[in-house]
Protein chains: 2
Amino acid sequence: MNGARALIRTLVDAGVDTCFANPGTSEMHFVAALDDVPEMRGVLCLFEGVVTGAADGYARMADKPAATLLHLGPGLGNGLANLHNARRAGTPMVNIVGDHATGYGQDVFLTSDIDTVARNLEGWVGTARSSADVGRLAAEAVAAAAGAPNQIATLILPADASWSDGAEPAPARAPAAPATVPAVRIEEVARVLRGDGPVALVVGGTATREAGVTAASRLGAHTGAKVYCECFPTRLERGAGVPALERLGYLGEFVQMQLEGIRHLVLVDADLPASFFAYPDKDTVLVPDGCEVHVLAGPGDDATGALEALADAVGAPADAATAQELALPDRPTGELDPETLGAAIARLLPEQAVLVDESATAGLWTSLATAGSHPHTLLTLTGGAIGYGLPAATGAALACPDRPVVSLEADGSGMYTLQALWTQAREDLNVTTVVYNNHAYDILNLELGRVGAGEPGPKAKAMFDLHGPDLDFVKLAGGMGVPASRPTTAEEFADAFEMALAEPGPYLIEVGLTSRF
Amino acid sequence: MNGARALIRTLVDAGVDTCFANPGTSEMHFVAALDDVPEMRGVLCLFEGVVTGAADGYARMADKPAATLLHLGPGLGNGLANLHNARRAGTPMVNIVGDHATGYGQDVFLTSDIDTVARNLEGWVGTARSSADVGRLAAEAVAAAAGAPNQIATLILPADASWSDGAEPAPARAPAAPATVPAVRIEEVARVLRGDGPVALVVGGTATREAGVTAASRLGAHTGAKVYCECFPTRLERGAGVPALERLGYLGEFVQMQLEGIRHLVLVDADLPASFFAYPDKDTVLVPDGCEVHVLAGPGDDATGALEALADAVGAPADAATAQELALPDRPTGELDPETLGAAIARLLPEQAVLVDESATAGLWTSLATAGSHPHTLLTLTGGAIGYGLPAATGAALACPDRPVVSLEADGSGMYTLQALWTQAREDLNVTTVVYNNHAYDILNLELGRVGAGEPGPKAKAMFDLHGPDLDFVKLAGGMGVPASRPTTAEEFADAFEMALAEPGPYLIEVGLTSRF
């Protein structure tokens with residue numbers, strides 16, 4: 001069989017059965033081979049930033065990699081920002097990047113250095129030199145992606161390796177299991193927790209699923225340690241019945257308040273708390289002076305197991321965790337503003353919803369209000385590269401067809417990868433998108449003051465102002481086959497949100513807000 | 001003064017007075033400094049692929065670089081595909097990529113290896129280590145970009161180099177002038193032209209302006225050599241009064257017909273003719289067997305001067321060039337299809353229009369029909385990375401406010417960087433966009449057959465089919481403040497096109513077509 005067919009067969013045999021794709025001529029044999037391997041689902045996206053963001057959202061929910069199909073260096077480039085987010089999320093992914101045939105040799109048109117860009121992702125990179133290589137490399141790529149720590153694997157596939165015969169599927173390889181944290185390290189941290197505090201834990205990475213937050217909550221309840229979630233978790237289980245972890249703040253000053261007086265900081269698959277950006281005359285590392293830092297678990301470790309072992313070691317009772325109580329706001333009335341919007345979403349969020357949050361400044365109130373909603377899964381922007389939300393919601397919906405997906409999106413971020421709406425319509429995905437349209441890159445209005453750049457002039461202000469023309473997301477959604485509306489009161493919003501959740505297929509609700517900063 | 005202000009002052013002093021921007025927090029001081037340097041115009045774009053594509057279109061028309069302002073590695077990544085096109089076009093450009101402050105040191109959130117991605121563009125790359133570096137590096141960057149051969153210069157600007165004092169603007173540096181082609185090389189090629197033919201010239205790069213095509217036409221008329229333009233020229237002057245150069249075809253088989261029997265091929269700042277992609281059992285290099293290849297001029301050479309010297313050397317009279325006659329099709333009536341659409345555009349294209357062509361398969365007829373239109377400038381997709389057209393039209397309109405810009409766009413390509421329409425509306429640019437909506441990546445339907453991948457199954461076919469849902473570009477344009485319509489007959493189209501050209505500001509016309517392949 002040819003390389004393309006062996007590749008898809010190998011992927012499917014290794015459990016990778018969804019491929020987000022925007023192919024070109026060099027990927028034609030891969031596309032043709034989709035019909036030879038019925039188990040592989042191909043999902044067309046209209047831009048590679050959607051492809052890679054959808055693969056990220058899919059993998060966060062499916063707990064296994066999706067494949068992407070990208071067209072040479074420019075296709076990989078278009079996908080790079082969401083690959084950056086996926087890398088920071090620790091998401092497994094298998095990129096198939098088509099290339100010119102190995103014998104092509106001409107430096108024209110689409111020729112570029114793909115390998116260099118792929119290596120930027122710090123994951124596995126391989127290039128098939130012939131069709132005979134393809135099966136083995138594909139199996140290696142999946143194992144690299146799915147093993148601990150998860151990584152982004154990129155297989156560069158020259159067209160002739162795809163079209164030539166002589167290929168065979170390779171059997172799936174066992175991915176590396178997470179490393180058990182040594183007992184001595186557990187005991188070291190246990191001593192810290194038994195000693196003089198105050199102590200704070202920061203939980204992130206793979207440890208923010210239900211088992212992880214439960215163990216962290218046990219530890220907090222039993223030892224009095226403060227327990228935080230990292231600022232932008234890959235996947236956080238939260239809501240009623242799940243122990244609640246307070247997230248570290250976005251603003252460095254807020255984190256400094258959260259960690260004030262802490263003498264011992266324990267990192268559980270989380271980075272050292274640092275400000276999102278550096279500022280003149282502000283600290284970048286947010287650990288209090290004199291505070292000792294201890295690493296319980298890092299990437300590739302069984303961080304959840306370590307938390308549980310630690311809870312056992314300090315004698316925390318199995319039922320010590322404090323489950324969040326159901327705390328639904330009243331159904332709001334009157335003006336539609338960030339607070340009433342947040343209350344409506346929090347009240348109506350269905351059980352087991354997947355909440356994809358890229359709502360930026362205006363969504364802060366929603367984030368607070370949903371803490372007591374029905375239990376749900378939260379996905380956040382792990383790498384700061386905006387444009388992840390709509391694609392990630394698309395991928396999450398494909399991974400979890402039985403769960404409603406609620407996508408909270410900002411106007412500025414949403415415009416980055418708006419094409420995701422088309423795939424939502426095409427695949428009839430149950431995604432309800434709420435666009436918080438404050439007609440601004442409002443976070444930059446906030447940040448401009450914080451960086452100490454002085455009073456902004458009109459040209460500077462214009463760089464954050466998305467008025468003139470106003471973006472009309474109802475029309476934009478309609479242009480891609482997604483029905484949409486623009487409620488103007490809290491009651492209208494709640495009705496529209498409820499209706500959108502009840503109906504199958506995608507729906508978009510635009511909410512007009514005013515800039516706050 | 002701080003680094004940001006010195007940077008913008010240096011850029012402006014070196015003639016770079018337009019900056020396409022999508023800034024973030026790390027670029028805030030640059031943004032604030034825009035108000036300190038009134039000569040610099042900042043143009044906000046909603047996605048970095050628009051930023052870099054607009055800078056490409058601007059520079060092709062302004063004959064000088066624009067600056068871009070990009071937000072760290074992900075911003076550069078989002079701009080990479082259109083930077084690839086710009087690199088292949090030989091476009092000068094100065095990218096300013098913000099980065100974390102030099103002392104930041106934490107590997108979190110937006111940290112990535114910017115330098116590696118920037119070097120992928122094979123141009124000048126520099127990093128400011130302190131504010132004192134900024135002026136000098138900015139002057140070097142502009143000189144590198146604007147010198148011969150033009151290149152993409154990328155200045156990585158850590159936030160503290162931007163915000164710290166101690167910077168001074170640097171005086172502009174003289175860019176490298178194009179190299180005069182040695183007389184001995186001119187004489188070698190002159191001997192070829194005087195000898196036994198047949199001879200063909202392929203003219204590209206900087207030699208497709210009016211002086212270059214005139215000299216090439218003189219050569220063809222006097223010596224009988226065939227004269228072709230490269231397949232995807234950066235900027236081709238054409239239409240009535242300008243000598244017409246036939247473009248090499250996109251399909252290898254077509255190029256082989258064009259070059260059949262040629263014994264000597266002369267390259268004038270053009271790549272060796274090669275197929276766009278490799279195919280099983282098809283040639284990739286399209287030079288006939290036994291044909292000798294001669295390079296008259298390469299990148300960085302004064303290719304137009306070389307053509308003129310060559311025409312003199314072979315004794316071609318100064319007036320030997322054959323100017324294209326005005327040949328306007330009748331105003332079409334009846335069904336709106338690629339032929340009548342092309343006829344209407346060809347008939348109504350205004351004098352000195354800038355025609356930005358990314359219309360792919362359905363636009364072939366327009367391309368043929370406009371050969372005899374009023375004189376105009378054609379910009380094409382030089383690097384094969386789709387999504388260049390709408391941004392390039394935006395940049396071209398900013399460079400040439402007195403010239404109408406006509407943007408011919410395909411549905412698939414248009415969806416890549418549709419956000420450009422918003423900037424067209426915001427800046428009130430005189431751009432008329434025609435979307436050839438055949439509801440397909442139709443070129444892939446064509447290519448699937450050509451690569452010999454067999455009869456496509458339903459899953460393969462679905463990868464090229466943009467029905468379900470149909471894209472509605474009238475709504476999409478309206479969502480970004482661009483008025484639009486969807487004529488259904490040739491008469492209606494001609495009326496709409498005429499009206500759009502007559503009115504100031506942007507307008508979009510969607511034309512529904514059927515897939516051909």
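## Starting at G126(A)

Let's begin with one glycine: G126(A) sits in strand β5 of chain A, which covers residues 125-127. Keep in mind that this is a predicted model. Is G126(A) buried or exposed? It counts as buried, because 20 C-beta neighbours lie inside 10 Å and 20 is enough to reach the cut-off.

Who does G126(A) touch? Leaving out residues up to four places away in sequence, the contacts are L137(A), E140(A), A141(A) and L155(A). Y228(A), on the other hand, is 102 residues along the chain from G126(A), and their C-alpha atoms are 38 Å apart.

## The sheet

Now zoom out to the sheet that β5 belongs to. Six strands of chain A line up in the order β2-β1-β3-β4-β6-β5, forming an open sheet with parallel pairing. At the edges you'll find β2 (41-44) and β5, each pairing on one side only. From one strand to the next, the twist averages 20°.

Further in, β1 (residues 18-21) and β3 (residues 66-71) of chain A pair in the parallel sense over 3 bridges. Pick A21(A), and its bridge partner in β3(A) is L69(A).

## Two helices side by side

Over to the helices: α10 (residues 210-223) and α12 (residues 303-313) of chain A have axes that come within 9 Å and cross at roughly 25°. The two are therefore roughly parallel to each other, since that label goes to angles under 35 degrees.

The contact includes A211(A), A215(A) and L219(A) from α10(A), and L307(A) and A311(A) from α12(A). Sorted by class, this contact has 8 nonpolar, 2 polar and 2 charged residues. As for handedness, α10(A) passes α12(A) in a left-handed crossing.

How values were computed: Residues are numbered from 1 along each chain as its sequence is written. Chains are lettered from A and ligands numbered from 1 in the order in which they are written. This is a predicted model: local features need pLDDT of at least 70, side-chain atom pairs count only at pLDDT 80 or more; totals for chains, interfaces and linings use all residues. Helices (H or I, at least four residues) and strands (E, at least two) are DSSP runs, numbered from the N terminus. A residue is buried if 20 or more other C-beta atoms lie within 10 Å of its own, exposed if 12 or fewer, and partly exposed in between; C-beta atoms are placed from the backbone. Two residues are in contact if their C-beta atoms, placed from the backbone, lie within 7 Å. Axes are lines fitted to C-alpha atoms, for helices over the stretch in contact, and angles run from 0 to 180 degrees between N-to-C directions. Angles under 35 degrees count as roughly parallel, over 145 as roughly antiparallel, 65 to 115 as roughly perpendicular and the rest as oblique. A crossing is left-handed if the near helix is turned anticlockwise from the far one by less than a right angle, and right-handed if clockwise. Ala, Val, Leu, Ile, Met, Phe, Trp, Tyr, Cys and Pro count as nonpolar, Asp, Glu, Lys and Arg as charged, and the others, Gly among them, as polar. Two strands pair if DSSP finds at least two bridges between them.
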